[in-house]
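Dear colleague,

I am handing over the structure below, together with some notes on what was found in it. Please look through the sequence and the structure first, and then read on.

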Amino acid sequence: MIVSSVQQQNGNTCYTNSDYKKVELMLQERMEEENQDRDVVQNSDEFYLKVVEVIGVIACNDAGGYCLYEANCGAEPGQQYVCETEGLVCCLPPVLPDSTCGVIKEASTRIVHGSEAEHNKWPWQASLQTLSDFHFCGGSLIHEQWVVTAAHCVVDGRELKVVLGEHDRTISHGPEVTVNVAKQILHDGYSNDAPYPNDIALLKLETPVQLTDEISTACIPSAGESFTTEDNCWISGWGDTKDTGDETKLHELQKTITDNPTCANKWGAGNIMDTHICVGNGDKGACNGDSGGPLSCQKDVWYLAGATSWGYNGCQTEGYPNVYTRVSEYRNWIKHHIRINRD
């Protein structure tokens with residue numbers, strides 16, 4: 001239920017539907033009136049929170065929260081969700097497994113040149129497949145019933161399934177679990193034109209999966225969390241190897257973060273946004289079939305730093321880093337949609 005938070009004020013109309021185009025138009029008009037810079041709120045969580053301010057807020061119970069006095073709220077207070085009783089705050093139980101995520105079975109050796117990964121070393125790695133078993137994109141398990149992928153992987157709305165615990169796509173090793181996708185949620189701000197902003201989507205599985213050593217969740221980094229050249233970062237997937245390996249088996253490659261100013265200098269300033277994170281130099285990395293898959297970076301635990309988004313056609317052009325969606329910029333967006341899509 002959308003609860004209107006703004007009435008007629010200063011000539012601004014309060015919309016109570018979430019149609020992106022209408023919100024975008026009104027937001028642009030409002031920013032012009034307030035002399036705001038469009039770049040400040042055009043993407044990710046900043047844009048989402050601005051939209052919440054404009055179109056209204058959601059009732060606490062619709063987000064799975066409980067209305068309590070703040071002193072009694074032992075959970076996360078959700079300011080964008082409202083309680084009917086004045087003086088109460090919306091207390092939100094956690095939706096992301098922050099205390100149990102991001103753990104892998106450490107391998108005795110690390111293969112760093114796009115080689116086959118050890119079985120189930122990346123337990124959040126998902127294979128997105130058509131109902132006829134064709135692998136077309138990757139994804140990352142972040143919750144027992146939710147997978148993060150790239151919006152461009154699912155923009156056509158086709159029926160699909162997710163395979164977890166996979167290693168060799170031609171053989172069953174035992175831990176594999178296949179689950180159909182019940183709901184696909186693309187970011188409203190995604191555009192299928194360069195620089196492909198907000199290239200992120202959530203997939204709700206028909207049923208929760210049982211978490212094991214072979215199937216577990218990646219941690220979602222805190223909003224604003226940064227990753228640098230000092231971090232231990234890896235990419236993984238079943239994408240095109242350009243004849244350098246067997247793409248039916250999960251491959252991994254250790255990559256170095258390329259800071260955004262350097263990446264923008266390579267690609268052009270208008271093509272790299274704050275919601276992007278870049279890796280490598282373009283000569284080795286992700287390719288067709290890897291889209292949506294994880295950029296996993298280790299701090300205290302392993303975080304989903306990025307979701308594979310785009311790069312140079314051909315995948316082997318030196319001087320053009322691979323570009324990923326920066327997941328930390330979407331933590332609030334992810335949590336919001338998990339909360340309001342519980343049933």
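Residues are numbered from 1 along each chain as its sequence is written, and side-chain values use heavy atoms, with hydrogens and water left out.

The side chain of E225 meets that of K299 in a salt bridge, at 3.9 Å from N to O; by salt bridge I mean a side-chain nitrogen of Lys or Arg within 4 Å of a carboxyl oxygen of Asp or Glu. E225 lies in the loop between β13 (201-205) and β14 (232-237) and K299 in the loop between β18 (294-298) and β19 (302-310), so the pair ties together parts that are 74 residues apart in sequence. Helices (H or I, at least four residues) and strands (E, at least two) are DSSP runs, numbered from the N terminus. K299 is itself partly exposed, with a relative accessible area of 31%.

K299 also forms a salt bridge with D231, their closest N and O atoms being 3.3 Å apart. This second pair again links distant parts of the chain, since D231 sits in the loop between β13 and β14 and K299 in the loop between β18 and β19, 68 residues apart. D231 is buried, with a relative accessible area of 15%. Elsewhere, salt bridges that share partners join D168, D246 and K249 into one network.

In the whole structure, the search finds nine salt bridges. One of them is between the side chains of K121 and E252, at 2.7 Å from N to O. K121 is in the loop between β7 (115-116) and β8 (125-129) and E252 in strand β15 (residues 251-255), 131 residues apart, and the pair thus links distant parts of the chain. Both K121 and E252 are buried.

As for the chain as a whole, its secondary structure comes to five helices and 20 strands, and 52% of its 343 residues count as buried. Helix α5 (residues 331-340) is mostly covered, with eight of its 10 residues buried, among them W333, I334 and I338. Contact here means heavy atoms within 4.5 Å, and of the contacts with a separation of 6 or more, 67% are between residues 24 or more positions apart.

V147, in strand β10 (residues 146-149), is buried, with a relative accessible area of 0%. Leaving aside neighbours within four places in sequence, V147 is in contact with residues including A126, L141, V162 and L203.

Finally, a word on confidence: the chain averages a pLDDT of 83, and 80% of the residues score at least 70, pLDDT being the predictor's confidence in each residue, from 0 to 100. Over residues 1-23 the pLDDT is below 50, although this stretch has 47 contacts in the model beyond near neighbours in sequence. The pLDDT is also below 50 over residues 108-113, a stretch with 14 such contacts. Where pLDDT is low, the predicted coordinates should not be read in detail.

With best wishes

Key
Buried means under 20% relative accessible area, exposed over 50%, partly exposed in between (1.4 Å probe, protein chains only).
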